[in-house]
Structure formats: structure tokens, C-alpha cells
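Hi everyone, thanks for coming. I'd like to walk you through one model today, so please have a look at it first.

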Amino acid sequence: MKTLITSLFFVIVCATCFAQDTKYGVKAGMTVSNLDFDGNPIIDNKHRNGFVFGVFVDYGITENFSIVPELQYSGEGANASDFRNDYLNLPVILKYNIFGKVSLGVGPQVGLKIHKDNDGFRNFVFATVGYFEYAITDEFAIDARYNYGLSNVFDSNLTPEATNGVIQFGINYKL
């Protein structure tokens, strides 16, 4: 664990020192989420529409490559009231500008459940992120992403297993 934290710290320091361009921004948008059950779902599993908002820093490493850590609120889970969860997510996206105003990215994400306590859901979940961005102007961009859950959202003492599957559509404003 110490090696992972030290490595992450080293990457962030190097990225900051050699950054071509650093931009800060805010984002807002909507989420469409669902629980992907392993086996038969325990509920009528309808998707949940929610919203996402947050802040980000775009560290330019080269002209086409950047690292984008974000801190965002995201409403996730299923539509049934007992299966709705709100998370404070921390994705770290490795973003590559393919051409012109189009960028693609991938990265890991950790989520902290902030809505309820002792409800049968885990407090931390992990996911991977696939990211697409189109820059409308230098300040405004639209993005779409898919968060693929890697960890079971239920506590380990419960029988069902499920992961979050989340589609996000948003607009970004770089300050």
C-alpha cells in the first residue's frame, strides 16, 4: 500500500512539474445508472436517472496527453428507493487528444457512499472509466463516459452480488 501511495504521489509531482498546461474546471450533467446483478436480480431492476456535478484539474503532460483527476457527486444505483446510492467519486482519467477537439480517456475510479449508513451497501466501491470528450470552445466541452463497476456494491455478508453500471453525459467549463 505504501508503494502504491508513493508511486501515485511521484506521478502527481512529476505531472505537476512538467505540465505543459494546467486547467481547472467544473462539470455538471446527468447519470443513467443501474445495478448489474450476478445471477437473478432481487428487484425489478429499472435504471435510475440522476445528476452529477464536480470539479476537475486537467494536467497537460504533453501537447496531446493529460491526466485529469476529478472530484464529483454522482447519483447511482437502481430506481427502487432502497437501492439508490449517492457517491463522492474520485476518477483519475488518462486523456489523449486524438485529433482537433476530440479526446478519449480511461482510468480508475474510487467511490465513497455518502447518502446512507448501515444499509447493506459497501461504503467504498471501485470502477473503471471510459471517457469521450468534444471541445466546443477552449472553455466549454461536452463529455460522455461509462463507469464499469469492479466491486460488489453489497456488504460481503449479503448473498446477492451486483456492480454499478453508470453512463454520464456532461458539460465542462474550464476556468
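**Aromatic rings and the space around them**

Let's start with four rings: Phe37, Phe83, Phe121 and Phe154 form one aromatic cluster. Before I go on, a word on the ground rules. This is a predicted model, where local features need pLDDT of at least 70, side-chain atom pairs count only at pLDDT 80 or more, and totals for chains, interfaces and linings use all residues. Residues are numbered from 1 along each chain as its sequence is written, and side-chain values use heavy atoms, with hydrogens and water left out.

Back to the rings. Phe, Tyr and Trp rings (the six-membered one for Trp) pair if their centres lie within 6.5 Å; planes under 30 degrees apart are stacked, over 60 edge-to-face, and the rest tilted. That gives 8 aromatic pairs. In one of them, the ring centres of Phe121 and Phe154 are 5.0 Å apart and the planes sit at 35 degrees, so this pair is tilted. Where do Phe121 and Phe154 lie? Phe121 is in the loop between S5 and S6 and Phe154 in the loop between S7 and S8, so the pair ties together parts that are 33 residues apart in sequence. Here, helices (H or I, at least four residues) and strands (E, at least two) are DSSP runs, numbered from the N terminus.

Are these two buried or exposed? Buried means under 20% relative accessible area, exposed over 50%, and partly exposed in between, with a 1.4 Å probe and protein chains only. Phe121 is buried at 5%, and Phe154 is buried at 4%. In the chain as a whole, buried residues make up 40% of the 175 residues.

Now the overall layout. The chain has 1 helix and 8 strands, and the order along the sequence is α-β-β-β-β-β-β-β-β.

On to the cores. A nonpolar core is a set of buried Ala, Val, Leu, Ile, Met, Phe, Trp, Tyr and Cys residues joined through side-chain atoms within 4.5 Å. The largest has 10 residues: Leu35, Phe37, Ala78, Phe83, Tyr87, Phe121, Val125, Val153, Phe154 and Ala162. A second, separate core has 5 residues, including Phe56, Val68, Val129 and Tyr131. In soluble globular proteins, nonpolar side chains tend to be buried together.

On a 1 Å grid over the protein atoms alone, a cavity is a set of points where a 1.4 Å probe fits but cannot get out; a pocket is an open set with protein on both sides within 12 Å along at least five of seven lines; and lining residues have an atom within 4 Å of a point. Points are joined across faces, edges and corners, and a volume is the space filled by probe spheres set on them.

How many cavities of 30 Å³ or more does the structure hold? There are 2. The largest cavity has about 90 Å³ of space. Among its 15 lining residues, Glu76, Gln109, Val125, Ala127 and Asn164 are the closest to its centre. The second largest cavity has about 40 Å³, and its lining is Phe56, Asp58, Val68, Glu70, Lys95, Tyr131, Glu133, Asn172 and Lys174.

Finally, the second largest pocket, with about 440 Å³ of space. Of its 25 lining residues, Lys23, Glu63, Lys95, Asn97 and Lys174 lie nearest the centre. Strand S4 gives the most to this lining, with 3 residues.
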